[in-house]
Amino acid sequence: MSAKRIDGKLISDFFRAEFKLRVARLIERGTRPGLAVVIVGSDAASQVYVRNKARACESIGIYSEVHALSADVSQDELTAFVESLNQNPAIHGILVQLPLPKRIDDRAVIEAISPDKDVDGFHYANMGALVIDESRFPPCTPYGVMKMLEYEGIAVEGQHVVIVGRSNIVGKPQAMLMLKAGGTVTVCHSKTRDLARFTRDADILVAAVGKAGMITGDMIKPGAVVIDVGINRLPDGKLVGDVDFESASAVASAITPVPGGVGPMTITMLLGNTLRAAEFCAVPGGRMNETMIA
Ligand code: NAP
């Protein structure tokens with residue numbers, strides 16, 4: 001079997017085209033969606049991510065501003081800055097690029113973001129809403145995975161979904177979204193004994209660990225759908241996922257590559273969440289309707 005390659009760039013372009021139309025409609029009605037990205041310090045990888053986010057915003061008409069704060073900014077200054085963005089009517093979404101310097105309490109910073117502008121979906125209020133199926137801003141990476149499956153016509157209902165990784169930004173919210181979609185969900189992590197016993201039983205396998213090539217073809221059920229969230233840089237500079245693409249492709253029915261799989265979807269869902277935040281503001285009474293949560 002040679003697995004279908006799920007093209008995250010193509011699917012991203014599809015959703016971005018739809019978002020672009022919705023942005024144009026909002027602008028006609030007097031609201032231009034705006035995203036503020038806050039970055040602290042000079043981590044090279046974070047700077048690349050932030051630039052890409054700003055560029056993606058511009059490509060569909062969303063206003064964006066990047067605030068690069070000095071590495072020695074204090075906790076209070078950073079919190080106060082986030083609070084000033086909460087008050088700024090031109091800004092509908094606020095994203096604080098993680099990781100923050102170790103001396104900063106990143107949870108306190110996330111909690112300073114208004115839940116109505118928390119387009120990463122990491123605020124307690126939005127995480128809690130996700131658990132009870134009422135999320136306005138599902139975290140972008142797991143949300144992107146759901147949208148990829150939807151686009152590909154891959155049903156989750158009734159499937160055994162195995163997620164490897166239980167982080168707050170990927171594994172746990174992914175589990176909630178898969179549950180909501182009717183999957184039977186198993187979450188594995190570093191303390192899981194005999195990982196392959198679980199992965200071999202997955203109809204849909206999501207790898208979100210951060211270890212290059214750790215999921216090999218012999219750990220995958222023939223015909224399974226494999227979603228590789230991992231991004232790992234090899235010593236030669238090459239980017240690879242958590243899944244050994246070659247051996248997995250020989251067994252799976254469909255698989256996402258790295259790069260060009262989940263990565264582009266993450267940024268696209270950030271655009272979608274920012275747009276939704278702006279639509280929320282533009283609705284009289286600020287109430288969200290069902291189509292906004294699609
Ligand atoms: P993380 O916070 O480091 O979490 C990694 C998870 O993997 C943890 O739950 C850990 O278990 C588990 N794990 C570690 N070793 C394991 C093993 N041998 N067997 C099973 N589970 C193991 O990482 P993250 O932020 O979730 O990110 C995961 C990967 O996705 C990274 O490569 C990251 O770069 C990538 N990522 C990609 C995107 C994208 O847009 N494509 C977005 C976000 C993240 P414990 O909880 O027990 O420690």
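Mentor: Domain 1 (29-122) and domain 2 (140-262) both contribute residues to the lining of the largest pocket, so the pocket lies between them. Those domain bounds come from an automatic or database domain assignment. This is a predicted model: local features need pLDDT of at least 70, side-chain atom pairs count only at pLDDT 80 or more, and totals for chains, interfaces and linings use all residues. Residues are numbered from 1 along each chain as its sequence is written, and side-chain values use heavy atoms, with hydrogens and water left out.

A pocket here is an open set of points on a 1 Å grid over the protein atoms alone, where a 1.4 Å probe fits, with protein on both sides within 12 Å along at least five of seven lines; lining residues have an atom within 4 Å of a point. Grid points are joined across faces, edges and corners, and volume is the space filled by probe spheres set on the points. The largest pocket holds about 1400 Å³.

Its lining counts 45 residues. Nearest the centre are Tyr49, Thr141, Ile231, Gly263 and Thr266. By class, 26 are nonpolar, 12 polar and seven charged. Nonpolar means Ala, Val, Leu, Ile, Met, Phe, Trp, Tyr, Cys and Pro; charged means Asp, Glu, Lys and Arg; the others, Gly among them, are polar.

Now the elements. Helices (H or I, at least four residues) and strands (E, at least two) are DSSP runs, numbered from the N terminus. Helix 2 (44-59) gives the largest share of the lining, eight residues. Strand 4 (93-96), helix 6 (140-152), strand 9 (232-233) and helix 10 (262-282) each supply at least two.
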